[in-house]
2 protein chains.
Amino acid sequence: MPNPTAAMLVIGDEILSGRTRDANMHYLAGELTKHGVDLKEVRVVSDDAPAIVAAVRILSESYDHVFTSGGIGPTHDDITADCIAEAFGAEIDVRADARAILEEHYARTGAELNDARLRMARIPEGAELIDNPVSRAPGFSLRNVHVMAGVPAVFQAMVATVLATLTGGQPLLSQTLRVDRGEGEIAATLSALAEKYGDLSIGCYPFQKDGAFGANVVVRGTDGMRIDAAVTELARELGL
Amino acid sequence: MPNPTAAMLVIGDEILSGRTRDANMHYLAGELTKHGVDLKEVRVVSDDAPAIVAAVRILSESYDHVFTSGGIGPTHDDITADCIAEAFGAEIDVRADARAILEEHYARTGAELNDARLRMARIPEGAELIDNPVSRAPGFSLRNVHVMAGVPAVFQAMVATVLATLTGGQPLLSQTLRVDRGEGEIAATLSALAEKYGDLSIGCYPFQKDGAFGANVVVRGTDGMRIDAAVTELARELGL
């Protein structure tokens, strides 16, 4: 059975303006690979409702899972929850279960649960909450869309919670062979190898170090023995 | 006149598998902001021809400019140039001008211009070459799509070349006000400010430091006096 597929939707003007460097994409990519879920596409859109709604719809239809990051805080530019509801035609309001989490939290910290903070309890009907062990305000899953915070520590905790509930496929394995020759020297060999091992993915990533060219050849797949065979064959053909 | 819009398309399995952390998105976002071009969307897709072709078409139709990174090297997984040609129904083959650049380069370095390396001279008909001062193999622009290498040093050099030829809009200016209060404390004030200054974008980015909550409020726009006014008003309302 092929692995489940996934897409990520990053929501935030701050990424597109270059103010903030996104950290969540790389993290999620690594976690999904370990869990045997194939990340097929990432989109980054701004805090713009029509853009978010359109992206959620198309990604939700195209892939088994969608993971979003960003836009679920208390301020006016945090519109993700309402956009997810709109994308699926779901009702959305302050929900009792989410409100209870915030009430308990703010009672403990002594801060006021004002209208702005209550926004973080706006959860679409039918969604399941995702626990936030860091700052309490929950994420949620609606259908196949998992809505998480953009703050990296919170995002990472929520990813761990969601992945524990998903049925993954076979983890993607990989081996890397470092070749101290330019990409152009080994391209023909790699091409033939890729044709022979059609079930594996063979990537070539050039680097330059101390003025010399080299490349890391990465062989990926779910069958460790096939990967071994391909890497062994490659090393032999390159005389390594 | 509104600023020109742009999208970025990052091509590469290595990003989606978590093996490599993309560095080009953050760089391009910052450069475009400085040049008054609004980056509206980023997509990351794998080394998969139908996915690349579809993304190029939709992004090219939707935005003034499209910048791609990755997939223009000599190996079998470098399929970007052929996909761009396919997206626009353009012919593609080894082109004399690109070939001349490679011949000169390899003659000088003593390496062989073999079939694999010649792939890097495959340029769609009608495209203009983008100079590569780092490793010579050129990028190209076809219609409103600028095709550049994924290696950060080369990508950055190519971005500089392309941006010099574009007519930008007004650079996006911004001011940041650091507020040592939780986001939820200031959300109502920000919301009223955002409504009053509809021509500005007001974002709120929370942080946690030494156990205390704070937020950076970023006011963005093209009119420096308006930004000054909004930030002054915000500081006064928050008693800063």
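What covers the buried residues of helix 2 of chain A? The cover includes strand 1 (5-11), strand 2, strand 3 and helix 7 of chain A, together with helix 1 of chain B. The model is predicted. Chain A has nine helices and eleven strands, and its domain assignment gives domain 1 (5-165) and domain 2 (173-237).

**Chain A overall**

- Taken along the principal axes, the C-alpha atoms of chain A fill a box of roughly 70 × 40 × 35 Å.
- The centres of domain 1 of chain A and domain 2 of chain A, taken over C-alpha atoms, are separated by 37 Å.
- Chain A has 240 residues, of which 45% count as buried.
- Among contacts in chain A with a separation of 6 or more, 67% come from residues 24 or more positions apart.

**Helix 2 of chain A**

- Asn24(A), Met25(A), Leu28(A), Ala29(A), Leu32(A) and Thr33(A) are the buried residues of helix 2 of chain A.
- These residues lie on the same side of helix 2 of chain A, because they cover an arc of only 155° around the axis.

**Helix 7 of chain A**

- Helix 7 of chain A (residues 152-165) has 14 residues. From its first C-alpha to its last it reaches 20 Å, close to the 20 Å expected at 1.5 Å a residue.
- Its buried residues are Val154(A), Phe155(A), Met158(A) and Val159(A).
- They cover an arc of only 135° around the axis, so they are on the same side of helix 7 of chain A.
- Ala160(A) and Ala164(A), on the other side of helix 7 of chain A, are exposed.
- The buried residues of helix 7 of chain A pack against helix 2 (24-34), strand 3 (65-69), strand 6 (128-130), strand 7 (139-142) and strand 8 (145-148) of chain A.

**Contact between chain A and chain B**

- In chain B, 47 residues are in contact with 47 residues of chain A.
- On the side of chain B that touches chain A, the helices giving two or more residues are helix 1 (13-16), helix 2 (24-34), helix 6 (115-118) and helix 8 (183-196) of chain B. The strands that do so are strand 2 (38-45), strand 10 (201-209) and strand 11 (212-221) of chain B.
- The residues on this side of chain B divide into 20 nonpolar, 15 polar and twelve charged.
- Glu41(A) stands opposite Val45(B), which is in strand 2 of chain B.

**Asp77(A)**

- Asp77(A) lies in the loop between strand 3 and helix 4 (80-88) of chain A.
- Asp77(A) counts as buried because 23 other C-beta atoms lie within 10 Å, the cut-off being 20 or more.
- Leaving aside neighbours within four places in sequence, Asp77(A) is in contact with Asp47(A), and with Gly203(B) and Cys204(B) of chain B.
- Asp77(A) and Gly12(A) are 65 residues apart in sequence, and their C-alpha atoms are 9.1 Å apart in space.

**Strands 9, 10 and 11 of chain A**

- Strand 9 (residues 173-179) pairs with strand 11 (residues 212-221) of chain A in the antiparallel sense, over seven bridges.
- Strand 10 (residues 201-209) of chain A also pairs with strand 11 of chain A in the antiparallel sense, over nine bridges.
- Arg220(A) in strand 11 of chain A is the bridge partner of Ser174(A), and Ser201(A) also stands opposite Arg220(A).
- The hairpin of strand 10 and strand 11 of chain A has two residues between the strands, and in this hairpin Asp210(A) takes a positive phi near 50°.

**Arg143 in both chains**

- Most residues other than glycine have a negative phi.
- Arg143(A), in the loop between strand 7 and strand 8 of chain A, has a positive phi near 50° and is not a glycine.
- Arg143(A) is partly exposed, with 16 other C-beta atoms within 10 Å.
- Arg143(B) lies in the loop between strand 7 (139-142) and strand 8 (145-148) of chain B, and its phi is positive, about 50°.
- Arg143(B) is partly exposed, with 16 other C-beta atoms within 10 Å.

How values were computed:
Residues are numbered from 1 along each chain as its sequence is written. Chains are lettered from A and ligands numbered from 1 in the order in which they are written. This is a predicted model: local features need pLDDT of at least 70, side-chain atom pairs count only at pLDDT 80 or more; totals for chains, interfaces and linings use all residues. Domain bounds come from an automatic or database domain assignment. Helices (H or I, at least four residues) and strands (E, at least two) are DSSP runs, numbered from the N terminus. The expected span of a helix is 1.5 Å times one less than its number of residues. A residue is buried if 20 or more other C-beta atoms lie within 10 Å of its own, exposed if 12 or fewer, and partly exposed in between; C-beta atoms are placed from the backbone. The arc is that of the directions from the helix axis to the C-beta atoms. Two residues are in contact if their C-beta atoms, placed from the backbone, lie within 7 Å. Ala, Val, Leu, Ile, Met, Phe, Trp, Tyr, Cys and Pro count as nonpolar, Asp, Glu, Lys and Arg as charged, and the others, Gly among them, as polar. Two strands pair if DSSP finds at least two bridges between them.
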